[in-house]
Amino acid sequence: MKVKLKNVFVIYFLVSVIGLMYALLQLGQPCDCTQHLKSTSDLIHAKDKKLVQLQNEVKRLQARGKAPEPQMLPVIYVITPTYARLVQKAELVRLSQTLLHVKNLHWIVVEDSATKTQLVSELLAQSGLRFTHLHVETPKEHKRKESDPNWLKPRGVEQRNLALQWLRENRQLSDGGVVYFADDDNTYSLHLFDEIRSTKRVSVWPVGLVGGLRFERPLVEHGKVIGFYTAWKPNRPFPMDMAGFAVTLQLLLANREARFDLQAERGYLESSLLQSLVSIEELEPKAENCTKVMVWHTRTEKPKMKQEEQLQKQGLGSDPSIEV
Ligand code: UDP
Ligand code: MN
């Protein structure tokens, strides 16, 4: 059969016209899009759910933000007297690194020296802590000699008093805060600072490894201090170690004369301050009614320098430019 070009063209034309007409008829026809819509609405629903979840998360984080901000917590002023000796830097590094874990803390370091030393200045500058650096030299007649037993003279008295003076000159009654006297050689649990923070006037707790005992502690009955577990001079007004109490800034500012007595009889230094601030019945027991030890009156052994001294005699002592 002979295919005529004309016929092919006519068929092609007809097929095209029919196709075009069908396409035009389809336009505007309602289509069955339910499947498509359903999956879209599922998607929107899922997005809504996610949005609600995110909104709840934002609310939760905002609520958490409303919990006391570090700035809202009362400042803990830690007062540390310190003096130059071989272990000084080691003690201060250890203490500063404990204090770095405590929120809203202000470290008042008072050197027992005629001037601020480079060692302490640099250590504080690099500590990352908020600090105040003071100095006052203990009067010669009150300074303990190498040969004196360690209990003969109270240590760090003028230094702690200078820190109290600084607080009285630089803080106001309206400023919140708690003051704690932390010697440079003790060991402090971080839990102690949580206890200190809620002090209303004067709070107390046990101290480990002190007074010739495993611990000394206030005795508590029905939430009140009724006496003290101590073996040494139990008749002292407040037979407690320096590390075993904290006082609010307000109480110290309201009692501007309260201070440590440089002349205080041995063991009576803590009492010399506390007597003018509080009565035993008013003491606030912390650390689970004074049953938990959170601070230890550790003392660092004096390092032996026998070899160093021998080498020094031969002019071969260690490089003095290397700080220890
Ligand atoms: N301290 C001081 N000057 C001194 C001796 C001690 O400033 O001449 C400081 C010392 O660095 C510490 C506090 O006073 O922070 C208590 O001293 P120490 O630890 O020697 O007393 P102890 O533990 O024997 O009661
Ligand atoms: Mn000590």
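# Chat about the shell around ligand 1

Analyst: Starting with the shell around ligand 1, its residues divide into 2 nonpolar, 3 polar and 9 charged. Nonpolar here means Ala, Val, Leu, Ile, Met, Phe, Trp, Tyr, Cys and Pro; charged means Asp, Glu, Lys and Arg; the others, Gly among them, are polar.

User: And what should I know about the model and the numbering?

Analyst: It's a predicted model, where local features need pLDDT of at least 70 and side-chain atom pairs count only at pLDDT 80 or more, while totals for chains, interfaces and linings use all residues. Residues are numbered from 1 along each chain as its sequence is written, chains are lettered from A and ligands numbered from 1 in the order in which they are written, and side-chain values use heavy atoms, with hydrogens and water left out.

User: Which residues are closest to ligand 1?

Analyst: P81, D112, R155, D185 and R299 are the closest of the 14 residues that surround ligand 1. A residue is near the ligand if one of its heavy atoms lies within 4 Å of it.

User: How far is ligand 1 from the side chains of R155, D185 and R299?

Analyst: For R155, a side-chain N or O atom is 2.6 Å from an oxygen atom of ligand 1. D185 has a polar side-chain atom 2.8 Å from a ligand oxygen, and for R299 the distance from a polar side-chain atom to an oxygen of the ligand is 2.8 Å. The protein buries 90% of the 520 Å² that ligand 1 exposes when taken alone. Areas come from the Shrake-Rupley method with a 1.4 Å probe; for residues, only the protein chains shown count as cover.

User: What does UniProt say about D185?

Analyst: The unreviewed UniProt entry has a "binding site" annotation covering D185. UniProt positions are given in the numbering used here, feature names are shortened, and annotations may be inferred rather than shown by experiment.

User: Where does D185 sit, and is it buried or exposed?

Analyst: D185 lies in the loop between β4 (178-181) and β5 (187-188). It counts as buried because its relative accessibility is 16%. The cut-offs are under 20% relative accessible area for buried, over 50% for exposed, and partly exposed in between (1.4 Å probe, protein chains only). Helices (H or I, at least four residues) and strands (E, at least two) are DSSP runs, numbered from the N terminus.

User: What does D185 touch?

Analyst: Leaving out residues up to four places away in sequence, D185 touches E91, R94, T298, R299 and T300. A contact means heavy atoms within 4.5 Å.

User: Switching to T82, where is that?

Analyst: T82 is in strand β1 (residues 76-82), and its relative accessible area of 2% makes it buried. Its side chain makes a polar contact with the side chain of D184 at 2.8 Å. A polar contact is a pair of N or O atoms within 3.5 Å; within protein, one must be able to donate a hydrogen and the other to accept it, and residues adjacent in sequence count only if both atoms are side-chain atoms.

User: How many helices and strands in the chain?

Analyst: The protein chain has 10 helices and 12 strands.
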